[in-house]
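User: Hi! I'm new to protein structures and would like to learn how to read one, feature by feature. Could you walk me through some?

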Amino acid sequence: MRILIMGAGKMGSFFIDLLSFDHEVAVYEKDPKRLRFTYNCYRFQKLEEIRDFKPELVINAVTVKYTLSAFKEVLPYLPDDCIISDIASVKTGLKAFYEQAGHPYVSTHPMFGPTFANLNQLSEENAIIINEGDYMGRIFFKDLYQKLGLNIYEYSFQEHDETVAYSLSIPFVSTFCFAAVMKHQDAPGTTFKRHMQIAKGVLHEDDYLLQEILFNPYTSEQVEKIREELKTLIDIIDHKDAKGMKAFLTKIRKNVAEDID
């Protein structure tokens with residue numbers, strides 16, 4: 001296939017490397033410095049070059065803040081039958097956009113990201129394929145993700161947003177709280193260092209991405225659960241309630257038993 005990848009950031013470069021040996025790949029990137037690290041692909045900086053390339057599939061890998069605006073910029077230069085796709089972790093507004101875009105579409109979310117995952121060993125990582133949109137587009141990404149060894153789940157746009165609200169907002173908010181009260185430690189313990197490493201990774205993410213994940217309409221309910229559990233824990237601590245602490249620890253060990261056993 002002729003595949004156009006929009007954006008040569010971390011994920012865009014990952015898809016270029018992944019696809020360029022089996023397909024004819026081009027990348028459209030406005031920042032020439034990012035194009036220095038791309039190879040085995042056409043490198044475009046002008047929209048007219050996209051028209052001449054005539055892509056059959058577009059993978060939008062730009063920063064989530066610009067996902068929709070990037071689509072709108074490139075649409076006039078695409079063949080009518082070109083499949084458009086995104087890999088955004090935030091799907092806000094995408095369903096409505098796709099339904100009026102006039103192109104077949106597919107939306108996926110590789111849930112590993114370049115911050116923590118080992119991109120050479122992804123068998124323990126997950127990907128979501130939205131079960132709405134173009135059938136052949138979904139088959140393409142399903143085959144691609146299977147070759148990477150990813151665990152694949154198929155959700156609707158709404159189910160995706162509900163899942164992200166749980167799987168991302170809870171650890172993000174927990175990390176924010178840790179960082180908000182953190183003081184530098186000259187001799188940190190192992191647990192502290194591990195939490196700090198997670199905080200560094202999360203806080204290196206794009207501000208807009210963090211904002212949009214937390215502004216997900218399903219996030220507030222999840223954060224409220226954190227507040228309720230903190231209230232319970234503070235009460236146990238204040239009253240030095242050993243029986244209550246035992247019950248609390250038993251409950252949370254049960255909650256995570258399936259993942260730690």
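Analyst: Happy to! Let's start with Met136, which is exposed, with a relative accessible area of 53%. Keep in mind that this is a predicted model.

User: What makes 53% count as exposed for Met136?

Analyst: The cut-off: exposed means over 50% relative accessible area, while buried means under 20%. With 53%, Met136 is therefore on the exposed side.

User: Where is Met136 placed, and which residues form a nonpolar patch with Met136?

Analyst: Met136 belongs to helix H6, residues 135-147. Together with Tyr135 and Ile139, Met136 forms a nonpolar patch on the surface, and the three have about 330 Å² of accessible area together.

User: Now a strand, please. Is strand S6 mostly covered or uncovered?

Analyst: Here is the general idea to begin with: side chains in a regular strand alternate between the two faces of the sheet. Now the case here: S6 spans residues 105-110, and six of its six residues are buried. Tyr105, Ser107 and His109 are on one side, Val106, Thr108 and Pro110 are on the other, and both faces are covered.

User: Which strands are joined to S6 by bridges?

Analyst: Strand S5 (residues 83-86) is joined to S6 by three bridges, and the two run parallel. In that pairing, Ser85 stands opposite Val106. Strand S7 (residues 126-130) is also joined to S6 by three bridges, but these two run antiparallel. There, His109 has Ile128 as its bridge partner.

User: What do S5, helix H4 and S6 make?

Analyst: They make a β-α-β unit, and it is right-handed. The helix in this unit, H4, covers residues 94-101.

User: Next, how should I read a salt bridge?

Analyst: In general, side chains of opposite charge can pair when their charged atoms come close. This structure holds nine salt bridges. One of them links Lys95 with Glu132, where the closest N and O atoms are 3.3 Å apart. Lys95 lies in helix H4 and Glu132 in the loop between S7 and H6, so this pair ties together parts 37 residues apart in sequence. Lys95 itself is partly exposed, at a relative accessible area of 35%.

User: Which salt bridge partner does Lys147 have, and how far apart are the two in helix H6?

Analyst: The side chain of Lys147 meets that of Asp143, at 3.4 Å from N to O. They are four residues apart in H6, so about one helical turn separates them. Lys147 counts as exposed at 64% relative accessibility, and Asp143 as partly exposed at 37%.

User: Which residue meets Arg227 in a salt bridge?

Analyst: That is Glu224, with 2.4 Å from N to O. Arg227 is exposed at 56%, whereas Glu224 is partly exposed at 29%.

Definitions and conventions
Residues are numbered from 1 along each chain as its sequence is written. This is a predicted model: local features need pLDDT of at least 70, side-chain atom pairs count only at pLDDT 80 or more; totals for chains, interfaces and linings use all residues. Side-chain values use heavy atoms; hydrogens and water are left out. Patches are made of residues with over 30% relative accessible area and no salt bridge: like charges are joined within 9 Å, nonpolar side chains (Val, Leu, Ile, Met, Phe, Trp, Tyr) within 5 Å. Accessible areas come from the Shrake-Rupley method with a 1.4 Å probe; for residues, only the protein chains shown count as cover. A salt bridge is a side-chain nitrogen of Lys or Arg within 4 Å of a carboxyl oxygen of Asp or Glu. Buried means under 20% relative accessible area, exposed over 50%, partly exposed in between (1.4 Å probe, protein chains only). Two strands pair if DSSP finds at least two bridges between them. A crossover is right-handed if, with the strands pointing away from the viewer, the path from the first strand over the helix to the second runs clockwise.
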